[in-house]
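Subject: Handover of a structure and the findings from it

Dear colleague,

Please find below the structure that I am passing on to you. The findings follow directly after it.

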Amino acid sequence: MPPAVGVSLVEQIFAGNGEMAGLMRATDWSKTPLGPIEAWPQSLRIAVSICLGSRHPIVLWWGPERWMFYNDGYRPMLGERHPQFLGRPGQECWAEIWEIIGPMMEQVIETGEATWSENLFLLMRRFGYLEETYYTFSYSPIRDEKGRPSGIFNACTESTGRVLGDRRMKMLRQMAIEARTVNEAARLCAEILGQNPRDIPFALVYLLDPQGKHIHLAAQAGLELGTPASPATVAIEETDDAGWPLARVAGRGQAEVVEDLARRFDCLPKEPWDEPAHQAMLLPIARAGWHQPAGVLVLGISPRRAFDDDYRGFFELVADHVATAVSNARAHEEERERAEKLAELDRLKTAFFSNVSHEFRTPLTLILGPLEDALGDPTKSLQGQNLVAVHRSALRLLRLVNNLLDFSRVEAARLQSRFEPTDLPVLTAGLAGSFQSLIESAGLKLRVDCPPLPEPVYVDRSQWEKVVLNLISNAFKFTFEGEIAVRLHAADGDVELSVKDTGTGIPAEELPKVFDRFHRVEGAQGRSFEGTGIGLALVQELVRQHGGSVRVESVVGMGSTFVVSIPRGSDHLPKERVSSGSGLAEEVTGPAPFLLEATQWGMAGSLSPTHAGSVGDPAFVAANAPFLHTPDARVLVADDNADMREYLIRLLASRWTVEAVRDGQAALESALQRPPDLILSDVMMPRMDGIGLLRALRANVKTSTIPVILLSARAGEEAMVSGLETGADDYLVKPFSARELLSRIATHLEMARLRRRATEAATELAETRATLLEDLDRKNKELETFSYSVSHDLRAPLRSIYGFSQALLEEHGSQLGAKGQDYLRRVRSSADRMGQLIDDLLKLSRVERTELHRESVDLSRLCLHVGDVLAKADPHRGVGFIVENGLVAEGDPRLIEILLENLLGNAWKFTTKTTSARVEFGSLQNDGQTTFYVKDNGAGFDQAHAKRLFAPFQRLHTEADFPGTGIGLATVSRIVDRHAGRVWAEGKVDGGATVYWTLPARKQRSQVV
């Protein structure tokens, strides 16, 4: 090769100042399989020159071996494979993707047509590992001097960054979620992350518990729960050497990349690359306004991408979106919790006021009722049991008012306590001892263990009294057998009071709420349903005033233990409220109100029927007012308040027999055993309340009609409507007037008596009606049997008359003369009519006596058959017969055939005098029901007489005009009736007639014959 020529050609082909141009100029091509450039085809020289002169990434593939030539734009795409593959076969360079791009090049060489690929996914080994890449490129043929494709011009653009960016942005947009709970937010985020396994092979969303001591797995993607790589719960104190450094990331609030996943875990997913992730990043889930994050997000890093700044930035955006979703859900959760707490507080307040209303209205009733009776008495005096009941009710009201005032003071932080040194064992033992006789009278034991203490205890005497009395009365209320133990002793610098009972116990789920304001254990079995729901809450607040605490232990069916602990000494108390004992202490009410109320719980639960009452009793005065009198009636009273039961007995017993029970369950058992004439029930009672009693009574046939009057402390229209809607006959609000109660009871007893009489009369009438119907049915059957027999018996003489008259006419007709022959023909005609009448009567009888056998009947086919029979019987007539095809009905085939014979026969008969006679059978649709009809253009009828058509022996035309028996349409009517259908007719004189009837049918197409 001459040097001058060679240098000139090299510079011409490999022109430019780029790296690749210089590299190609420096290459001794003569030592390559391509040979010296002077031997290269002109087409190759031109293509290489164009390639080097372009800034766009271009690679040339030449010859069968696909020798590679590329420019500066393409060079970065080779990564570590530059420059050793310049001028080398393409398959050696891109072995991992050759099975994809190789066939594409072969296609271009074979067809000479260019290809285009957009965002083609290729796994390329450019930097020592298989890398996820995307390219947009074209393969264009390079033709040699003979016009044959000998090489490929490949202009390409790497679109990896754009594809990854679009994919990641799409996922981030999907993470703009709305969740109602934190766990739901974590789950939704994990589901979205799991949809992008190419960027995130696995994801774990860990959330801190409210105490910040544990971190639990709230959601995951790509990993099962509970594997070494996805523990369900991790303690923050645990070391992070073996697993994820969750505690470190949560504590520092800084992201961390874990490199050696293969050493840490052997359970990581291999999808979607058939190779597990080698790295993962842990990112804190930030929480606005908090130093400690809400949790930690663990994201697997793809083994097919380098973890560069873009990748890291993407993960940080993911963590931000998760944090936002969790924060929004937490805010929603907190708002909902606030709303639920407010709603619960509102519910509790409503229940509290309802209970307070009940607690106030019951003693008010027991005060106002006797007072009203006393005012109505000439002596204007209150004495005896009424006086005792009024006094007891007033004390109960006083205790209620004091409890409410104490509780309101505690709530408003205005309770003024005065702590003074007290011999607490003596005080406590005295308070407990006051219950001794009451507890023992109920068959229980009271154990009091209050040994002397080494020093006086600083307490507010009135508050301590309320604590002790509340706890003991509470224990008595819920204990039916066994014992109540009161113990006071010193313990580790404190004084402990324990009140233990063997009562009904408290369910475990209710224990955390027993000291809540207004809370009452639903369904608790006690001696009374009475209570405001603030007793134990007040105990807790009063104990807290002393710097102490109260707790409860309980097992259902075994009893409960309440333990009060207060510190000894006075250092823990406010100095200004500590007294040496010389000042005036707050007045104490003593145990009297508690004892009086508890005494009522311990009274007998059921009082036998009685007629007690005397002229001197104020209730007797009210009871002798003029009312509807039902002296033999028995009234059952259900109320858990003993005073109220006694008051109602005194009020009602002078007029009716009265039985009183203490709760709804006892009332139900008594009513089922011996149904009363009326039940008077309180609404709020233990075991079964008034509403439950009412539902049970209405559900039992034996007691469903007993009048029930509800007594309730809930006032207002809504409460009254609610009570009446449950099935009560009346609803009376406490406090009530004695006269009003007596009037309502008398009215409902009288109404019940009248209802019973009406029911008895209705039952008697129904029985009489059934007897008459049975007798009528029997007589109808006898009549039908008779008509059937008579019809058969008449056929024999008719056959003789018809036969002999025919023989006489044929054999001796000439001897009779014209007049005799005419008479003989009239005899035969009358015999024919009589035979037809008998046939019709037989059909009518068969309609009534035949048992229905319903099946699908092809009305259209049956109608064509009847029409064919009519046409054959009268071949000289030309009648247009129109039948709608495909009409099907459910019915008895034999009776339906008789129906069509009568209707089509009538239409045929009444068109005998009509020119161009026409008979039509079809159907109409009215409100989803099929109506069938037979229509003709014959003589018709006056619509005013339409109702007469379907009665037996009714005729609207003379025998001379249209002969017949008058039974055909009656037969039709009875057939339709037996199928539970309806039949009617429309017509016009000389304008034709249409008979309609209903039966289930399907409609298809029409046919004219």
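A salt bridge, as the term is used here, is a side-chain nitrogen of Lys or Arg within 4 Å of a carboxyl oxygen of Asp or Glu. Arg-263 forms such a bridge with Asp-260, with the closest N and O atoms 2.5 Å apart.

Please note that this is a predicted model, in which local features need pLDDT of at least 70, side-chain atom pairs count only at pLDDT 80 or more, and totals for chains, interfaces and linings use all residues. Residues are numbered from 1 along each chain as its sequence is written, and side-chain values use heavy atoms, with hydrogens and water left out.

Overall picture

The protein chain has 26 helices and 33 strands; these are DSSP runs numbered from the N terminus, helices being H or I with at least four residues and strands E with at least two. Of its 1009 residues, 47% are buried, where buried means under 20% relative accessible area, exposed over 50%, and partly exposed in between (1.4 Å probe, protein chains only). A contact means heavy atoms within 4.5 Å. Among the contacts in the protein chain with a separation of 6 or more, 67% are between residues 24 or more positions apart.

Salt bridges

The structure holds 32 salt bridges.

Arg-305 is buried, with a relative accessible area of 15%, and Glu-131 is buried at 5%.

Another bridge links the side chains of Glu-132 and Arg-167, at 2.8 Å from N to O. Glu-132 belongs to strand 4 and Arg-167 to helix 7 (residues 160–174), so the pair connects parts 35 residues apart in sequence. Glu-132 is buried at 0% relative accessibility, and Arg-167 is buried at 19%.

Cavities

How many cavities of 30 Å³ or more does a search of the whole structure find? There are four. On a 1 Å grid over the protein atoms alone, a cavity is a set of points where a 1.4 Å probe fits but cannot get out, and lining residues have an atom within 4 Å of a point. Grid points are joined across faces, edges and corners, and a volume is the space filled by probe spheres set on the points.

The largest cavity has a volume of about 130 Å³. Its lining consists of 13 residues, of which Tyr-74, Ile-97, Leu-122, Met-124 and Asn-154 lie nearest its centre. Strand 4 gives the most to this lining, with three residues.

Gly-559

Gly-559 lies in strand 18 (residues 559–567) and is buried, at 9% relative accessibility. Gly-559 and Thr-502 are 57 residues apart in sequence, yet their C-alpha atoms are 4.1 Å apart in space. Leaving aside neighbours within four places in sequence, Gly-559 is in contact with Asp-501, Thr-502, Gly-503, Gly-505, Glu-553 and Ser-554.

With kind regards

Methods:
On a 1 Å grid over the protein atoms alone, a cavity is a set of points where a 1.4 Å probe fits but cannot get out, and a pocket is an open set with protein on both sides within 12 Å along at least five of seven lines; lining residues have an atom within 4 Å of a point.
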